[in-house]
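Dear colleague,

Please find the structure below, handed over for your own work. My findings follow it.

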Amino acid sequence: MSTTESPLTASDPTTGRAAQETLEDYTLRFAPRSYRRWSPAVVATTALGGIAYLADFSIGAGIGLAHGTGNALIAIAVAAVVIFITGFPLAYYGARYNIDLDLITRGSGFGYYGSVLTSVIFASFTFIFFALEGSIMAQGLELGLGLPLWLGYLVSTLMVIPLVIYGMKALSKLQVWTTPVWLVLMVAPLVYLVAHNPGTVDRFLSYAGTDGDGGVNTASVLLGAGVCLSLIAQIGEQIDYLRFMPPKTQENRRGWWAAVVMAGPGWVVLGALKQAIGVFLAVYILAEVGPDAAPEPIQQFRSAFDAMLPSWVVVPLAVVLVVISQIKINVTNAYSGSLAWTNSFTRVTRHYPGRLVFVLVNLGFALALMEADMFSFLNDILGFYSNCAIAWVVTVATDIGVNKYVLKLSPLRPEFRRGMLHAVNPVGVVAFVAASGLSIALYFHALGDSLQPYSPVAAAVIAFVLTPLMAIVTRGRYYLRRPDDGIGEALLDPDGNPSALTLDCHVCHEPYERPDLAACRTHDAVVCSLCLSTDKVGDHVLPARPSDA
């Protein structure tokens with residue numbers, strides 16, 4: 001997470017500003033051991049705090065109302081299994097090597113500039129879901145305080161800015177202290193309804209949906225799973241926290257693994273449960289509010305609280321739940337989105353403008369979506385987006401699981417520094433473009449109506465097949481531009497963790513740990529990864545090794 005991203009030379013007018021910014025965000029770089037002071041449990045709790053979002057309730061409700069409970073539950077389960085399997089290797093690499101998903105993607109099939117494609121995909125994920133959560137909060141503010149929706153959209157956008165500016169330190173405190181309150185407010189009404197009105201369970205299980213006859217069919221399951229799989233990119237936000245895990249040692253290995261699994265791919269277990277609860281609550285209130293309002297979490301929890309509490313406390317409590325949930329997830333959406341935009345912009349322009357600029361950019365996109373009433377066509381947006389997200393995550397997960405560990409054509413240790421990677425690696429780029437392109441064509445009925453539900457399956461299968469195939473065809477030649485970074489000291493310590501050795505950057509004169517540095521091309525010195533990124537003429541970037549290129 002960073003902000004001491006110093007530019008290339010002392011003559012650059014932004015150098016002073018960048019040097020004075022906090023190093024807390026480590027936006028474009030490895031997160032050093034000196035900063036990672038949290039225990040595995042705190043990191044996991046912080047990462048899972050962002051899963052408090054209410055979009056799952058809307059997503060589950062939308063699928064259930066359209067396709068029926070049976071199809072919805074199977075679709076949710078199928079998507080959860082795919083998300084867990086693909087998320088595991090990504091979470092492990094983020095926690096083990098202390099880098100975010102963009103840096104993992106660079107060295108896992110995409111190349112230094114090739115991963116700009118996926119950074120934009122991830123940034124889009126964050127502002128789409130920010131807009132979704134902001135819309136839910138605005139609905140709550142309209143019901144509880146009478147605010148018009150347009151003003152609620154603005155309030156939900158502006159209120160997260162102060163929290164996002166301060167990065168991990170502020171976010172960890174926010175998530176740890178608000179999670180118990182959120183859990184009680186979410187679980188209590190569900191338990192009450194099931195215990196005191198068992199008939200709600202029967203109605204839930206027998207609901208046939210507006211598009212179905214109560215039976216289970218493949219098309220409905222796949223359409224529902226496609227919407228759920230739009231959340232596959234959530235692993236990127238989990239990794240934005242997991243990269244601050246402490247080193248894995250013999251003493252902490254059990255707690256370390258538990259935290260990585262629980263807060264990495266394990267997020268989807270809670271997510272799937274919330275989606276199923278969303279179906280339950282939507283069916284419960286369907287007769288009361290109608291099909292248009294049933295997917296709205298504020299209506300779902302208002303009705304649930306109304307069954308167990310005095311009327312005067314129902315609306316305020318529902319609004320409190322919505323506001324807490326929105327803040328918990330949207331600080332993460334705004335934070336992770338700003339990292340993704342900053343990564344892309346800095347690589348393309350070789351200029352670091354500061355992360356705050358892209359906090360505002362990301363929020364601007366989200367506010368525009370909210371004002372365009374994205375909530376009314378939610379499933380269409382998510383169904384389309386999921387094709388790109390699936391293609392990306394499956395490509396990277398396959399490169400790690402198959403190309404690195406089975407075929408051994410991809411370097412086992414992830415690389416992200418400029419000069420060490422080729423600009424574009426056809427392995428990941430070709431697999432991603434082919435998988436997303438064909439699946440999007442299927443989604444828009446280009447190959448017929450009967451194949452349209454299979455677009456998410458196509459995205460996953462094509463990415464899974466093409467990624468190792470491209471590695472075999474290219475013989476792994478496009479992963480590394482050179483095999484070493486010119487520094488004699490070891491990159492990893494005896495336990496396999498990134499080394500804590502600190503050296504001063506020749507350009508910005510700041511101290512950085514060994515994994516964030518490479519030798520300078522023109523001086524007997526080392527240069528940090530950000531100064532390499534902002535080197536406009538390449539004076540400090542190591543040359544390719546002709547025999548290895």
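This is a predicted model: local features need pLDDT of at least 70, side-chain atom pairs count only at pLDDT 80 or more; totals for chains, interfaces and linings use all residues.

Residues are numbered from 1 along each chain as its sequence is written, and side-chain values use heavy atoms, with hydrogens and water left out.

Cavities. A cavity is a set of points on a 1 Å grid over the protein atoms alone where a 1.4 Å probe fits but cannot get out, and its lining residues have an atom within 4 Å of a point. Points are joined across faces, edges and corners, and the volume is the space filled by probe spheres set on them. There are 5 cavities of 30 Å³ or more. The largest holds about 110 Å³, and its lining includes Phe30, Tyr97, Arg413 and Pro515. That lining divides into 9 nonpolar, no polar and 3 charged residues (nonpolar: Ala, Val, Leu, Ile, Met, Phe, Trp, Tyr, Cys and Pro; charged: Asp, Glu, Lys and Arg; polar: the others, Gly among them).

The second largest cavity holds about 90 Å³. It is lined by 14 residues, with Asp100, Leu101, Asp102, Phe122 and Ala340 nearest its centre. Helices H5 (101-110), H6 (116-145), H12 (234-242) and H16 (311-349) each give two or more residues to this lining, and H16 gives the largest share, 4 residues. Helices (H or I, at least four residues) and strands (E, at least two) are DSSP runs, numbered from the N terminus.

Helix H6. The 30 residues of H6 should span 44 Å at 1.5 Å a residue, and its end C-alpha atoms lie 42 Å apart, which agrees; the expected span is 1.5 Å times one less than the number of residues. Because 24 of these 30 residues are buried, H6 is largely enclosed by the rest of the structure (buried: under 20% relative accessible area; exposed: over 50%; partly exposed: in between; 1.4 Å probe, protein chains only). Gly146, with a positive phi near 75°, follows H6.

Backbone angles. Most residues other than glycine have a negative phi. Asn98 has a positive phi of about 60°; this residue lies in the loop between H4 (69-97) and H5 and is buried, at 2% relative accessible area. His509 also has a positive phi, about 65°, but is exposed, at 59%. The place of His509 is the loop between strands S1 (502-504) and S2 (511-513).

Yours sincerely

Notes. On a 1 Å grid over the protein atoms alone, a cavity is a set of points where a 1.4 Å probe fits but cannot get out, and a pocket is an open set with protein on both sides within 12 Å along at least five of seven lines; lining residues have an atom within 4 Å of a point.
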